Amino acid sequence: MEANCVSKDFFSLGTVNSIKIYNCDDEELIERAITRVYEIDDLMSAYKLDSDISRLNRNSGKGFIDIHPDTFKVLNRAIEFSQVSSGAFDITIRPLVELWGIGRKKNFIPHEDDINRIKKLVNYKSVVLDKIRCQACLDIPGQAVDLGGIAKGFAADEVKRILLESDIENALINLGGNIVTIGNRPDGRTWQIGIQNPLEVTGSFLGILTVTDKTIVTSGCNERFFMKDGIRYHHILDPRTGMPAKTTALSITAIADCSMDADALTTASFILENGFRGDGLDLVRKLDAQVIIINSDGEVLITDGLKRNFKVRSRCYEKE
Ligand code: ADP
Ligand code: MG
């Protein structure tokens, strides 16, 4: 390890994460940051029986339950995101996630009747929050919430907060694709973040992004997917159809200040009109974010704000 640098890889939130803090030898600080990620996973995982989210799901149709203020915050932001994305982002997607067996079943396509039946349970308006009591409820029995599209972003923001409170000036956080940069690199140069070419093996970068103090979140339908009859079946589901989002995008990267927002934005963008044009772009503008979209034909789309700090360097081509 480099001098004056603490770094750790760890597993949480269903993925591999890493935190690297420069100009620092405080092992206790990195442990505190990791403990915070574990705490968030314990509260928000839909797979842990005692999490707030599992309790909420078990109590669907039965009234309010107490939740932790962190869970409240993420649920609240998720609902706001559903509103601004006209329901494209919808955390009540869980019954569909289970039906498709995402992360569990291999190459499985549910029966159309089941999709249509389960789809009816998906409706973010059924998540009711009581701010005064810090409680939440799901209106209809069988409904269930999944924070897989937003919780990693919240956790990344929390790690950043903890490091900044300890006056850290240079750090690189990566929670399963949710990257947060603090300051510049320790040598004073700006961070250079490689953007994966979704058409090639992991580690082949399509281009390099130069950033300071930003979060970079990538969501892709090129990792967890299978192909059948020319259709790509992946893990981001369209609440309107109950099917994997129909999109030309293979990967969407958002660059923004808040990782939680960028996380929800990349997920929602798969559903919104190719993520980039029309509704998707409106949302990007509203959040003052920048976006890189890589389409399955190799086309690369970038928002204007990235013209100077994103350089395409592989055989994919750039298009205005
Ligand atoms: P990843 O977790 O692979 O980085 P995302 O941040 O895009 O990718 O999150 C995908 C996860 O979000 C899915 O595995 C599922 O749990 C959840 N999800 C799927 N479709 C939606 C949707 N329309 N709205 C909100 N969450 C979704
Ligand atoms: Mg996401």
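**Close-up 1. Helix α1 (residues 27-44) packs on α6 at about 155°, with the two axes 10 Å apart.** The model shown here and in every view below is predicted. An angle over 145° counts as roughly antiparallel, so α1 and α6 are roughly antiparallel to each other. The crossing of α1 past α6 is right-handed. On the α1 side, the contact is made by Leu29, Arg32, Ala33, Arg36, Val37, Ile40 and Met44. On the α6 side, Ala151, Phe154, Ala155, Glu158, Val159, Arg161, Ile162 and Leu163 take part. The contact residues of α1 with α6 comprise 11 nonpolar, no polar and four charged.

**Close-up 2. α1 also packs against helix α3 (residues 69-84), at an angle of about 70°.** The axes of α1 and α3 are 10 Å apart. Angles of 65 to 115° count as roughly perpendicular, which means that α1 is roughly perpendicular to α3. Arg36, Leu43 and Met44 of α1 meet Asp70, Thr71 and Val74 of α3. By class, the residues of this contact are three nonpolar, one polar and two charged. Arg36 and Met44 are listed in the contact of α1 with α3 and also in the contact of α1 with α6.

**Close-up 3. Helix α6 (residues 151-165) meets helix α7 (residues 259-269), with axes that come within 7 Å.** The crossing angle is roughly 160°. α6 and α7 are therefore roughly antiparallel to each other. Their crossing is right-handed. From α6, the contact takes in Ala151, Lys152, Gly153, Phe154, Ala156 and Asp157. From α7, it takes in Ser259, Met260 and Asp263. The residues of the α6 contact with α7 divide into four nonpolar, two polar and three charged.

**Close-up 4. The magnesium ion (ligand 2) is coordinated by Gly149, Asp263 and Thr267.** The donor atoms are Gly149 (O), Asp263 (O), Asp263 (OD) and Thr267 (OG1), at 2.0 to 2.6 Å. Along the chain, the donors follow the spacing G-x113-D-x3-T. Gly149 and Thr267 link distant parts of the chain, 118 residues apart. Gly149 sits in the loop between β5 (135-138) and α6, while Thr267 belongs to helix α7. Burial means under 20% relative accessible area, so Gly149 counts as buried at 15%. Thr267 is buried too, at 14% relative accessibility.

**Close-up 5. Gln135 lies in strand β5.** Its relative accessibility is 15%, so Gln135 counts as buried. Beyond residues up to four places away in sequence, Gln135 touches Phe64, Ile65, Asp66, Ile67, Phe72, Val128, Leu129 and Asp130. The C-alpha atoms of Gln135 and Ser45 are separated by 17 Å, and the two residues are 90 residues apart along the chain.

**Close-up 6. Ile255 has its place in strand β15 (residues 249-256).** Ile255 is buried, with a relative accessible area of 6%. Apart from neighbours within four places in sequence, the contacts of Ile255 are Leu209, Val211, Lys214, Thr215, Ile216, Ala289, Gln290, Ile292 and Leu306. Ile255 and Asn174 are 81 residues apart along the chain, and their C-alpha atoms are separated by 14 Å.

Definitions and conventions
Residues numbered from 1 in each chain as written. Chains lettered and ligands numbered in written order. Predicted model: local features only at pLDDT ≥ 70, side-chain atom pairs only at ≥ 80, totals over all residues. Heavy atoms only, no water. Axes fitted to C-alpha atoms, helices over the stretch in contact; angles between N-to-C directions. Helix = DSSP H or I, 4+ residues; strand = E, 2+ residues; numbered from the N terminus. Parallel < 35°, antiparallel > 145°, perpendicular 65-115°, else oblique. Left-handed = near helix turned anticlockwise from the far one by under 90°. Contact = heavy atoms within 4.5 Å. Nonpolar A, V, L, I, M, F, W, Y, C, P; charged D, E, K, R; others polar. Donors = N, O, S within 2.8 Å, 3.2 Å for Na, K, Ca; no water. Buried < 20%, exposed > 50% of the residue type's maximum accessible area, 1.4 Å probe, protein only.
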